[in-house]
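Please look at the sequence and the 3D structure shown below.

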Amino acid sequence: MNYLSTRDRTLRVGGAEAVKLGLSRDGGLLTPEAIPQIGEAFLEELTGASYQERAAKVMALYLTDYTEEELRTFAENAYGAGKFDTPAAAPLRKVDETTHCLELWHGPTSAFKDMALQMLPQLLSAALRKTGEEKTVCILVATSGDTGKAAMEGFADVPQTRIMVFYPRDGVSAVQEAQMVTQEGANVGVCAVKGNFDDAQAGVKRIFSDESLRKTLAERGYLLSSANSINWGRILPQVVYYVSAYCDLLRDGEIRMGEKINFCVPTGNFGDILAAYYAKRMGLPVGKLICASNKNDVLTDFLRTGVYDRNRPFHNTMSPSMDILVSSNLERLLFDLSGENDEEVRGYMEALAESGKYEVSEKIKAALRERFWGGFCDEKGTTETIAQYYQKYGYLIDTHTAVAAGVMEQYRRETGDRTVTVFASTASPYKFCDHVLRAIGQEPRGGGVELLDQLNAATGVAVPKRLAVLKGKARRFDLTAEKAEMDNVVLDFLR
Ligand SMILES: *Cc1c(COP(=O)(O)O)cnc(C)c1O
């Protein structure tokens, strides 16, 4: 199977190459040329299988230049007992008769980014072998918190790779910072940037487009790449858990074969919900895809009007991993809904770059209305949803998950649709202790990782082991840089 650029269909590469490159050289996203179809027999087979086997089977449909055997080994390494704290890897929790929560934070960093970032380094290592690449790949990451840690955890001590993470000095939670500066591994680097997430992100983009810097690094034997969700190697492992959730519902007798279910996903860069869309396109019986945003509601407006307009204030919210105004992966959806019309997609992306705005065709608007429903949950709604889930169901959820739960309720109220619905839980509540404590009526005492104990004492919910040990861990990184110095940080790192 080949991968095409969303902006120029004539640019095509194989799966391994797509994983290695991350992005097409024309700036487009590499996207599968065809969407493999699955039927009832496939789902039946998977229903009796482990998460690792499900992952290998689903991924093999797309990565035809990897063997299923290879993929099974990768899945064992990624989702096995050494890494995930439950054999199911991505378990469902039943909330009520028609509502189930897909918990995606049982991996090493307690956020759903692990689902993909435990897999991507292995896909990338194999891709280097398969494409005869001799350089060492250096992954550069700008993070608002979750991606950086998950990427380091995935890439730590992976041969022929280095990883450098930049985070905004005052823009991540105390637990997130502690997770990053204590990261182990000989090939990792961490640097705080004086500025916000956009500054860190702009700095990384500048480094990527600096030809002379790239040349210097190439002479030293390094190649830059990205672990961002524009990389197909991050989207594909996420398709797996939607198929897996369906199989779990079948196995537990919650639905019958062929019955449609809805997915509701808390959305930022549109990666996670795009994976749900691919699962639906593959033939998984899915009704509506409910796209949940926080106060940064650019996607809600887009799904309702067909106009994408990033010209609006940026809000810092208590669900920071969803604070985003340009959702990169939407480009892959537009490519598919336009009938793979690269010229049309290029037009939208040019308009976005020039004026921050575009309006899609009537055909795409109709397709969006049929498949998606968009809503947003503000700060008050997020807090109330956390409180409500805790009081009514005894279920402690994080701020991002609460956005999804809140929007799911809105959807049901407005449409009356009572289809069985699975909403995604993307982080452990322990990553955002202060907001969660306040939501359940407790004043956070002190800051930093002490709040883990306070939340634990208040609720009795177990602290994820990998977060609990943070308190005793030595800080390994203490580097802070001006945003203009980030290129020197990289040059020092790759001596
Ligand atoms: C990254 C992230 C999201 C948003 O996922 P996208 O794929 O960017 O849409 C939601 N919740 C959490 C906790 C995240 O880390």
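This is a predicted model: local features need pLDDT of at least 70, side-chain atom pairs count only at pLDDT 80 or more; totals for chains, interfaces and linings use all residues.

Residues are numbered from 1 along each chain as its sequence is written, and side-chain values use heavy atoms, with hydrogens and water left out.

**The ligand**

The ligand is surrounded by 15 residues, of which K113, D146, G268, N269 and T426 are the closest; a residue is counted here if one of its heavy atoms lies within 4 Å of the ligand. The shell has five nonpolar, seven polar and three charged residues. In these classes, Ala, Val, Leu, Ile, Met, Phe, Trp, Tyr, Cys and Pro count as nonpolar, Asp, Glu, Lys and Arg as charged, and the others, Gly among them, as polar.

The table lists polar contacts (pairs of N or O atoms within 3.5 Å).

| Residue and atom | Ligand atom | Distance |
|---|---|---|
| F270, polar backbone atom | oxygen | 3.2 Å |
| S321, polar side-chain atom | oxygen | 3.4 Å |
| T426, polar side-chain atom | nitrogen | 2.8 Å |

On its own the ligand has 380 Å² of accessible area, and the protein covers 96% of that area. Such areas come from the Shrake-Rupley method with a 1.4 Å probe.

**The helices**

Helices are DSSP runs (H or I, at least four residues), numbered from the N terminus. The axes of α10 (residues 211-219) and α22 (residues 486-493), lines fitted to C-alpha atoms over the stretch in contact, come within 11 Å and cross at roughly 10°. Therefore α10 is roughly parallel to α22, a term for angles under 35 degrees, on a scale from 0 to 180 degrees between N-to-C directions. L213, T216 and L217 of α10 meet D487, V490 and L491 of α22, where contact means heavy atoms within 4.5 Å.

Notes
Helices (H or I, at least four residues) and strands (E, at least two) are DSSP runs, numbered from the N terminus. Angles under 35 degrees count as roughly parallel, over 145 as roughly antiparallel, 65 to 115 as roughly perpendicular and the rest as oblique. A polar contact is a pair of N or O atoms within 3.5 Å; within protein, one must be able to donate a hydrogen and the other to accept it, and residues adjacent in sequence count only if both atoms are side-chain atoms.
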